[in-house]
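Dear colleague,

Please find the structure below, followed by a short account of what was found in it.

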Amino acid sequence: MSHMSNYSSQSVKSFAMAVLKGFGCNEEEADIVADHLVDANLTGHDSHGIGMLPLYGEQILDGNLVPNQQPLLHDPIGAISVVDAQRGFGHRMALVALDHAMQCVPEHKVAILALRNSGHVSRVGTYSEYCAARGYVSIHMVNVVGHAPIVAPFGARESGFSTNPISMAMPVDGQATPLLDIATSTVAFGKVRVASNKGEKMPPGCLVDEQGLETLDPDPMAKERIGALSAFGAHKGSGLGIFVELLAGALASTDTVATMEHLPHGVINNMFSIIIDPAAFDSEEAVARRTMEFCNFIKEKQPAVGTESVLLPGDTELRNRQQRNDHGIPVDDETVRQIMDIAARFDLSAADTAALLSPVSQ
Ligand code: NAD
């Protein structure tokens, strides 16, 4: 099992920024991407934190991820905006695209965004938070093309689509409350990579081997893409994953996973977003009040035996942010080694870069 250390979030951000600038990102882009990755780690989504850097480095070397890219912002048609990210860093492209789309909200009370051909947009909940901070309800669906599918559709023994995440949130006092942010696979692929790096087994119900039989071993999938992830919730999650592919791929973009070539280290995201001004229905305050009344109604439910309290979607992210801001972000040595390996290929000094990580005393 790989050794873990807890690092301060500031030092993880400095470390990530140094690597991203070494990749060729300018200061502004490195700042946005590093903030996104560190926040993914802070919220407990280590699968979408700094452990993604080696993949991004490989994609840049392959020419499939373009630092400092300018997106193509098409003029909106009604409330619909189409943005081609031209394979720029998705963390920045998605924010630029959302800002572009949200210009339609004052007139239409809704904006629909099709973000196409983007580098990895990573933790999709970030975009629900971005919209909630501006007072908007939002729903985001992301498909993944450019590599072989990795999730087995219900009833199949081979993969047919990817982890196709969905995020949605209500705005309450500028916060995403509650915030649902889920892959339509039982777990995101990055969690398989994290378990493999840590030398841990996967929980039941996450993975099948090449026979379509359940396995707990993350290594064949993480290292050689053997086997498949399982969709959550049997035929229901599988059906949702298929519709994410159709909305983000067939409708909002030009490719589904069925048609796009498989690139080396390829991860191209398309995002279909619906952004709604709650004031079109009632006062913002009234919608927020009803939201909180319902949230409290849920949280007051008696917990199941063995469960401490009933949580709403988004509670674990809030709890993790608090805990990890106080006690540091746990990162395993294998992940740091993988980042240093890619950094070296961009001629970064391993010693200088690693020195930016400061462990937190426990
Ligand atoms: P997950 O299984 O940890 O589920 C997270 C969601 O479940 C959150 O909304 C969380 O608040 C909620 N939750 C967790 N525990 C809960 C509990 N006890 N009670 C109630 N709610 C609870 O996450 P995941 O499905 O593995 O996805 C992880 C991340 O991966 C997400 O941020 C997602 O956006 C991201 N992702 C991105 C891509 C991409 O291509 N960009 C693809 C797949 C996933």
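**The ligand and its surroundings**

Strand 8 gives four residues to the shell around the ligand, the largest share; strands here are DSSP runs of E with at least two residues, and helices are runs of H or I with at least four, both numbered from the N terminus. Please note that this is a predicted model, in which local features need pLDDT of at least 70, side-chain atom pairs count only at pLDDT 80 or more, and totals for chains, interfaces and linings use all residues. Residues are numbered from 1 along each chain as its sequence is written, and side-chain values use heavy atoms, with hydrogens and water left out.

In total, 24 residues surround the ligand, each with a heavy atom within 4 Å of it. The closest are Asp181, Ala183, Lys191, Gly314 and Glu317.

- A polar backbone atom of glycine 314 is 2.6 Å from a ligand oxygen atom.
- A backbone N or O atom of alanine 188 lies 3.1 Å from an oxygen atom of the ligand.
- Histidine 120 places a polar side-chain atom 3.4 Å from a ligand nitrogen atom.

By class, the shell has 12 nonpolar, eight polar and four charged residues. Asp, Glu, Lys and Arg count as charged, Ala, Val, Leu, Ile, Met, Phe, Trp, Tyr, Cys and Pro as nonpolar, and the others, Gly among them, as polar.

Yours sincerely

Technical notes: A polar contact is a pair of N or O atoms within 3.5 Å; within protein, one must be able to donate a hydrogen and the other to accept it, and residues adjacent in sequence count only if both atoms are side-chain atoms.
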